[in-house]
Amino acid sequence: MATNRTFTMIKPDAVEKGHIGGILSMITEAGFRIVALKLTQLTKADAEAFYAVHSARPFFGELVEFMTRGPIVAAILEKENAVEEFRTLIGATNPADAAEGTIRKKYATSVGENAVHGSDSDENAAIESAFHFAGREQF
Ligand code: ABT
Ligand code: MG
């Protein structure tokens with residue numbers, strides 16, 4: 001399998017609690033290389049577009065409110081089989097179901113505030129990365 005890339009965000013809940021360093025440590029210790037990195041904040045339009053697939057769900061309003069309430073860390077990560085390997089490292093969407101040793105097990109508080117995002121496909125990784133980073137910001 002060729003080395004490839006995924007996109008991640010450390011979400012507002014984890015940034016607020018001071019977990020940027022702890023989460024980045026887990027990511028690099030798991031063998032991911034950080035190839036782009038920034039602190040930024042999503043607008044309402046950004047969050048609505050990012051989670052458009054969930055727009056009809058009852059939790060959509062709260063989800064957009066949550067994702068826009070403070071800064072996030074956006075990053076692009078490189079590793080063999082990056083998308084799948086990173087979804088394994090972050091753990092289940094609901095931290096109550098997340099395996100031991102995963103980022104969500106350690107840092108997430110609820111399904112609605114689950115500390116970290118990981119792209120769910122190579123196609124979405126490319127779209128999400130291009131949204132946040134210019135070519136010259138990707139190494
Ligand atoms: P993301 O990385 O945020 O996309 O999460 P993940 O892919 O693990 O899970 P999905 B299904 O994409 O959830 C998107 C966000 O919606 C929240 N959510 C989801 C709820 O609040 N209630 C629900 O019942 C479901 C299914 C979790 C995710 N955001 N956060 N935090
Ligand atoms: Mg998702």
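Which residues does the UniProt annotation "binding site" cover? According to that unreviewed entry, the annotation covers Lys11, Phe59, Arg87, Thr93, Arg104 and Asn114. The model discussed here is predicted.

- The residues around ligand 1 are Lys11, His54, Phe59, Leu63, Thr93, Val111, Gly112, Glu113, Asn114, His117, Gly118 and Asp120.
- By class, this shell consists of six polar, three nonpolar and three charged residues.

**Asparagine 114**
- Asparagine 114 is placed in the loop that runs between helix H6 (103-107) and strand E4 (116-118).
- Asparagine 114 counts as buried because it has 23 C-beta neighbours inside 10 Å, and the threshold for that class is 20 or more.
- Leaving aside neighbours within four places in sequence, the contacts of asparagine 114 are Lys11, Thr93, Pro95, Arg104 and Ala108.

- Helix H5 spans residues 82-90, and its buried residues are Ala82, Val83, Phe86, Leu89 and Ile90.
- An α-helix has 3.6 residues a turn, so residues three or four places apart point the same way.
- Arginine 87, which the UniProt record includes under "binding site", also lies in helix H5.
- Arginine 87 counts as partly exposed because it has 16 C-beta neighbours inside 10 Å.
- After H5 comes glycine 91, with a positive phi near 90°.

How values were computed:
Residues are numbered from 1 along each chain as its sequence is written. Chains are lettered from A and ligands numbered from 1 in the order in which they are written. This is a predicted model: local features need pLDDT of at least 70, side-chain atom pairs count only at pLDDT 80 or more; totals for chains, interfaces and linings use all residues. A residue is buried if 20 or more other C-beta atoms lie within 10 Å of its own, exposed if 12 or fewer, and partly exposed in between; C-beta atoms are placed from the backbone. Helices (H or I, at least four residues) and strands (E, at least two) are DSSP runs, numbered from the N terminus. A residue is near a molecule or strand if its C-beta atom, placed from the backbone, lies within 6 Å of it. Ala, Val, Leu, Ile, Met, Phe, Trp, Tyr, Cys and Pro count as nonpolar, Asp, Glu, Lys and Arg as charged, and the others, Gly among them, as polar. UniProt positions are given in the numbering used here, feature names are shortened, and annotations may be inferred rather than shown by experiment. Two residues are in contact if their C-beta atoms, placed from the backbone, lie within 7 Å.
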